[in-house]
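User: Could you walk me through how to read a few features in a structure like this one? I'd like the general idea each time, then the case at hand.

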There are 2 protein chains.
Amino acid sequence: MSPQPPVRLWPDPEGLGPVTDVYELAMMAGYYAAGMENLVASFELFVRKLPPGRSYLVFAGLEQAIGDILALAFKPEQIEAISQWPAFRKLDRSILARMQALRFEGDIWAVSEGTVVFAGVTLLRVTAPLVAAQWLETYLLASIGYPTLVASKAARCRSAALGTPLFEFGARRCHGPHAGFLAARAAYIAGFAGTSHAEAARLMGIPPIGTMAHSWVQSFDSEAESFRTFARLFPSHTTLLVDTYDTLEGVQVAAAIDPSVDAIRIDSGDLGELAWQARAILDQNNRAQVKIIASGDLDEHRIAELNKSAAPIDGFGVGTELVTSRDAPALGVVYKLVELEGQGKVKLSPGKKTYPMAKQVFRKRGPDGRFCGDHVTRADETADGEPLLARVVRAGRLDRSLPTLEEIRRHCTEQLAGVPEHLLKLDAKPDYPVTYSEALEADARRLMRR
Amino acid sequence: MSPQPPVRLWPDPEGLGPVTDVYELAMMAGYYAAGMENLVASFELFVRKLPPGRSYLVFAGLEQAIGDILALAFKPEQIEAISQWPAFRKLDRSILARMQALRFEGDIWAVSEGTVVFAGVTLLRVTAPLVAAQWLETYLLASIGYPTLVASKAARCRSAALGTPLFEFGARRCHGPHAGFLAARAAYIAGFAGTSHAEAARLMGIPPIGTMAHSWVQSFDSEAESFRTFARLFPSHTTLLVDTYDTLEGVQVAAAIDPSVDAIRIDSGDLGELAWQARAILDQNNRAQVKIIASGDLDEHRIAELNKSAAPIDGFGVGTELVTSRDAPALGVVYKLVELEGQGKVKLSPGKKTYPMAKQVFRKRGPDGRFCGDHVTRADETADGEPLLARVVRAGRLDRSLPTLEEIRRHCTEQLAGVPEHLLKLDAKPDYPVTYSEALEADARRLMRR
């Protein structure tokens, strides 16, 4: 008898309907049963409070979320299995049949990717039949939260790097093999120069970056032979990893390679000190043009320190700290019902004030071009400043082409130039003015009184 | 003109070949170019040092890693794109053709999933032609690291919960929509009773758990009506969320539902205090059988506190802290070349001692049945104790059926019963004896001298 094949866990991209919490399915069934499925609902996605160590966020993940939502559907075998679950077994079969026929046919408004955003501000709004709007909750939160965390961390690294190129090296430390795609894209949006993730690079046109691992060096009888073989094979694209045995000896060996290589990479030890010594060795050997790439547990703080010491480093490879957003690995992003059939809705749990009604956000800039405050209004109001939310999906179809990745990246650069100076310090508090219109305050008061 | 469709990022499960770091591809090309591709290599996967706050790990993620590795391949369009990258453009076309024909045809030995493991011990060994063994590095690390983090955190929650059932509620906080599958499975292995992730539950047969969201309650004119509607629809599977407006009033409303519901869920506020008050209200209303489920930022420490205060909680929903492994979101798991054509290999970077040669691990138990030490030997030695590594893949084929998820879960329960008492405290230091055989020490010394 041949062995049972291992269970693989790649979802069918055309069957993402149940990639969500069970309670969303229960509520969807409930809305059908109560005849409430077509009530027009608006849900909004926002962050209540920035995570510790963040003074702003870079919004990311929208394109993948939208692509998946436009294809969101249940396959017959999925509905069949759900109908057998103890809690669902007594449901009217017609309800499950209607779930199987369901597609997202509502509207989605969102901030554009790469935009700098703050707590308390609507980032995305879904207006759709209640059953469909509810369906999106878990999927949207999981699709937006992580890329936003990585883009935000990447922006901090960029700000610390003061122009030195940054490379995303984190695939192996991501939370599973799919997160690597999201991380590579988010880092690129925030200004990283490339990724080590080969398939992410291919699919999205991000510059692929690669050097060698210690195992390459170990596989040869000598470090010199391993370097020469690599340099011959990848002329004018050779970065040699010099710390397999002794870093400075490795630099000496790299400096002797002819023709000269492009760069060396140092991945352990005191990166600043080693970069100085490596630079000296390279220069003494007429290798002034050979660059030095540093990697190994780098984050924005370590990058800032290295830059402060003026260490001669020409590129930083950032992995684990970036792709796990280690100091803030979760984003408290929520998706809340704010309006149902034109009536404002709020949840009143202590410490969790929310404003009812579908909203728009207007951002003002000071004379220096930097952001000086966001004003949140009802969607039917206008105010001074640039409106941040635009419709991207209308009646279940893309309203217009989304920006390309390069456009998003340029937009992010422009946005990062707008961040108020005091928020750019790595230890800045999230001190940014967000105000709410009189109409929203009045709506909130009215609902609180009830 | 119709808008460009959004880019989706779901990889083709039959084209995972380039879901790896660029440097793996560069090295693979290099091994072909140097005629070294068929040298027999052994790489080993292990954790150098446990993350802070962990005194043991639960090994998980093997089944998905194996399933993907057995299918690992490049699609023609992937090879074509890679051949156009600047660094790869000058490569001999025959090398890329050979990469396209490559499949994994080596052997894999591994510890079984659900096993409790420690730093410094081989968890998995790949013995294969050098080019194929190198190929697996990034993929294996990303596939094993995250599930192991979640299973390890889940085991701590279980140990704090002292028998109270635990439910995995984290899908929305995972690092992207795929990580939710891995988290649900890992938590279940370590003893969680169910998951809120509907598709993970369906695919793997994990009990699906669901209640309702605040939006359900808000969608009705009154909390009572929202509760009644839900209870009618899901009889004998009704858990009511009571904290949308005022928690204790919500409990009163839930206590008045006829027939009686199964449980209430409290998701905010002082969970211990509210559980006591809710219990009193339920009992006064003849609702002694209605259970209380607590959720909201729970981790093993908070669960232990609640249990210590004897709060009348019948189940814990654990989300963010578990699925992001928030206090330790990255695992320093590495994959190192240890043997090439029978010769031991090591990397000598300071602070990173490794032992050369393919290895086996023997675990000893004390008279109380608990683990008292792991002894690492060369693969060709034997020693007292239970060998932890078994062959799962032979010449690129599954050697025998992998254990089912239920078998893995039972194995994990048995393993957790073997963890030494002193390691079970939540603040325990990772103090567990790991020793290396004389032969390994001698091999290491010999290589260090060179």
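User: Let's take strand β1 of chain B. How many of its eight residues are buried?

Analyst: Bear in mind that this is a predicted model. For burial, the step is to count neighbours: a residue with 20 or more other C-beta atoms within 10 Å of its own is buried. In β1(B), residues 40–47, seven of the eight residues are buried, so the strand is largely enclosed by the rest of the structure.

User: Which strands does β1(B) pair with, and in what sense?

Analyst: For pairing, look at the bridges and the direction of the strands. β1(B) pairs with strand β5 of chain B (residues 124–129) over six bridges, in the antiparallel sense. Strand β12 of chain B (residues 333–340) also runs antiparallel to β1(B), and seven bridges join those two.

User: If I want to find these pairings by eye, which residue stands opposite V40(B) in β5(B)? And what is the bridge partner of V47(B) in β12(B)?

Analyst: Start at V40(B), and you'll find P129(B) of β5(B) opposite. For V47(B), go over to β12(B), where the bridge partner is V333(B).

User: What about phi? Which residue of chain A has a positive value although it is not a glycine?

Analyst: Check the angle, then the surroundings. M357(A) has a positive phi of about 80° without being a glycine. You'll find M357(A) in the loop between β13 (343–344) and β14 (359–365) of chain A.

User: Is M357(A) buried or exposed?

Analyst: Buried, because M357(A) has 24 C-beta neighbours inside 10 Å. In chain B, have a look at E341(B), another non-glycine with a positive phi, about 50°. E341(B) lies in the loop between β12 and β13 (343–344) of chain B. With 12 C-beta neighbours inside 10 Å, E341(B) counts as exposed.

User: Let's zoom out. What should I look at for chain A overall?

Analyst: Chain A has 17 helices and 19 strands, and its C-alpha trace spans about 80 × 75 × 40 Å along the principal axes. Of its 450 residues, 56% are buried. Among contacts in chain A with a separation of 6 or more, 72% come from residues 24 or more positions apart.

User: Now the interface. How many residues of chain A are in contact with chain B?

Analyst: The size of an interface is often given as the accessible area lost when the parts come together. Here we have residue counts instead: 103 residues of chain A are in contact with 103 of chain B. Helix α1 of chain A (residues 22–33) gives the largest share of chain A's side, eight residues. That side divides into 58 nonpolar, 31 polar and 14 charged residues.

Methods:
Residues numbered from 1 in each chain as written. Chains lettered and ligands numbered in written order. Predicted model: local features only at pLDDT ≥ 70, side-chain atom pairs only at ≥ 80, totals over all residues. Contact = placed C-beta atoms within 7 Å. Helix = DSSP H or I, 4+ residues; strand = E, 2+ residues; numbered from the N terminus. Nonpolar A, V, L, I, M, F, W, Y, C, P; charged D, E, K, R; others polar. Pairing = 2+ DSSP bridges.
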